[in-house]
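Please find below a colleague's note on the structure.

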Amino acid sequence: MKRVYVNEKWCLGCHLCEYYCAFANTGMKDMAKALCNLEIRPRIRIEEQDDISFAVSCRHCDEPLCVKSCITGALSRENGVIVIDSDKCVGCFTCILACPYGAISQSETGAIQKCELCAKTNDGIPQCVAGCPNGAIVFEDRG
Amino acid sequence: MKYLIIGNSAAAVGAVEGIRQIDKSGQITVISSEPHHTYSRPLISYLLLGKTDRQKMRYRPDDFYSVNGCECIFGKNVLSINVKNKTVSLDDGRSICYDKLLIATGSVPFIPETEGQEKVKNSFTFMSLDDADALGKAINAGSRVLIIGAGLIGLKCAEGIAGRVKSITVVDLSDRVLSSILDAEGSEILGRHIESKGISFILGQSVLRYGENEALLSKGGSVPFDVLVTAVGVRPNTSLLSAIEPSYERGIVTDDEMHTVIPDVYAAGDCTQSLDVSSGKNRVLALLPNAYRQGECAGISMAGGKKPFDRAVPMNAIGFFGLHVVTAGSYTGEVFERKAEGSYKKLFYDKGFLKGFIMIGDVNKAGIYTSLIQNGIPLSDIDFELVCEKPSLMAFSRKYRDEKLGGVRQ
């Protein structure tokens, strides 16, 4: 399946992926309006220190510890993509405790949020990848 | 192939999904004493709180059994297992045969024998959906509730009903709350937070004697109550096998494919012991993530595949009145500590490996710590100072990141 991969050496640390991600999940048409005065809660996050930076988002693991640990059954795999049923999630954060990459976070509703490869919002075209100006995040099938 | 699963919670569901990864057509029968679709047991407090409902707390979709081709026998108890004839007998007189049997019977509440306990009319435990329903019916705005046990179950119960009763008093023999998963300082923070929500604690005491509406305490004094909840702990439900193997009383022992010493009999979930990699000791890890993974491994193994169960550690993620707590591993060795307004973190490390941690308040990226414990990653391989301050992948080697984030095959 196609996954988001990170080319660390190309990452500029510009954080645009975080903005595109937050925008993609607002469901609105105009980015400036959508994110105006909003404290964004992107599902992809840049880690940076000195001259190193890279983006971290869900790896959609073949052995998804988050799904197996989820106490409610809110996390599941659909066509390879790990998705969250926010309605079922009670925000216990067992998945945050289980994810080895720190790729799951709390949403403003108290449920958890995570990258779903824009499967629900943008026809499966990850907006972080589309918006990355330097090819530091790619969406590829590497088997 | 005839698969028989006794139990219908996380381990049983894991087993069904494990079997179906390998065997698409074998006959699966699921027997449960509870007359319910599989549901998430830890959600019963959220049900009383109104944060979930019976439909949402279903652990798998409505069509789970039909999609996986399971025959369900719900609301029936298994009385005994005949390992020679490979049959189990039910309380309705039926006998069911198996080729491969899984014991996924979970745990049962432990109720200490206390003088006068038979006099208490409104007495409950808090483990099952039926328990929650019964407790929900018994309480009202005037109820004075006494909870015995300041552990995970007792305190989640307190949170679940806090807004619906007049008062809640929690009594525990330990001198601090959540003593099984927190250190003394963490207990203090949690205890104060829960107290600020109107819950009263009487710690370091037990109940000497019950009257119908009163508990007499070990150090003197008494607590009047209308409703009693006993939540002092759970025991592995090994009754079916301890008739055959008496040594199983402290949890069924299996190999790493969840096979017991009895041919074609497997066990998974809260009724078993696992190897805790953080301490190197075998112990009962009555935790849902553990149960699911064990069940899946058992299912795969029962169907002829191979997926050893490993990397088990105690891990708990839990919140009380909006304050989140995550913990994992064992609290031994040297300590790294960080305290800030509203958050508390302690890491325990020994001989170059992370052994355990406690995070209260800010639980962000806690899984990075869990993976260090579970995978036994030497701290010399990472920037330990950085990871102590902040769980991050920055602390790992470039090679690790290229592999995990960049998809580079090593």
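1. Which residue forms a salt bridge with B:Lys86? The partner is B:Asp264, and the closest N and O atoms of the pair are 2.6 Å apart. The two residues belong to distant parts of the chain, 178 residues apart: B:Asp264 is in the loop between α7 (239-242) and β18 (265-267) of chain B, while B:Lys86 is in the loop between β4 (78-82) and β5 (87-90) of chain B. With a relative accessible area of 19%, B:Asp264 is buried, whereas B:Lys86 is partly exposed at 23%. These two values lie on either side of the cut-off, because buried means under 20% relative accessible area.

2. A word on confidence is in order. The model is predicted, and the predictor assigns the complex an ipTM of 0.97 and a pTM of 0.97. For chain B the average pLDDT is 97, and 100% of the residues score at least 70.

3. B:Glu17 is part of helix α1 (residues 10-22) of chain B, and B:Arg60 is in the loop between α2 (44-49) and α3 (64-67) of chain B, so the contact ties together parts that are 43 residues apart in sequence. B:Arg60 counts as buried, at 10% relative accessibility.

4. Because B:Arg338 lies in strand β23 (residues 334-340) of chain B and B:Glu389 in helix α10 (residues 384-389) of chain B, the pair ties together parts that are 51 residues apart in sequence. Both residues are classed as partly exposed: B:Arg338 has a relative accessible area of 38%, and B:Glu389 has 42%.

5. Charged pairs also occur in a connected arrangement. Salt bridges that share partners unite B:Asp183, B:Glu185, B:Glu337, B:Lys339 and B:Lys346 in one network. Over all chains, the count of salt bridges comes to 35.

6. One sheet of chain B may be described strand by strand. It is an open sheet of 3 strands in the order β13-β14-β15, with antiparallel pairing. Strands β13 (207-211) and β15 (222-224) of chain B stand at the edges and have a single partner strand each, so one side of each is left without a neighbour in the sheet. From one strand to the next, the twist averages 20 degrees. Strand β14 (residues 214-217) of chain B pairs with β15(B) in the antiparallel sense over 3 bridges. B:Leu216 stands opposite B:Ser222, a residue of β15(B).

7. The last point is the interface between the chains. In contact there are 46 residues of chain B and 37 residues of chain A. About 3,500 Å² of area is buried between chain B and chain A, and carbon and sulfur atoms give 57% of this. The number of salt bridges between the two chains is 6. One of the salt bridges of the model joins the side chains of B:Arg401 and A:Glu8, at 2.7 Å from N to O.

Terms used:
Residues are numbered from 1 along each chain as its sequence is written. Chains are lettered from A and ligands numbered from 1 in the order in which they are written. This is a predicted model: local features need pLDDT of at least 70, side-chain atom pairs count only at pLDDT 80 or more; totals for chains, interfaces and linings use all residues. Side-chain values use heavy atoms; hydrogens and water are left out. pLDDT is the predictor's confidence in each residue, from 0 to 100. Two strands pair if DSSP finds at least two bridges between them. Helices (H or I, at least four residues) and strands (E, at least two) are DSSP runs, numbered from the N terminus. Axes are lines fitted to C-alpha atoms, for helices over the stretch in contact, and angles run from 0 to 180 degrees between N-to-C directions. A salt bridge is a side-chain nitrogen of Lys or Arg within 4 Å of a carboxyl oxygen of Asp or Glu. Buried means under 20% relative accessible area, exposed over 50%, partly exposed in between (1.4 Å probe, protein chains only). Contact means heavy atoms within 4.5 Å. Buried area is the accessible area (1.4 Å probe) that two parts lose on being put together, summed over both.
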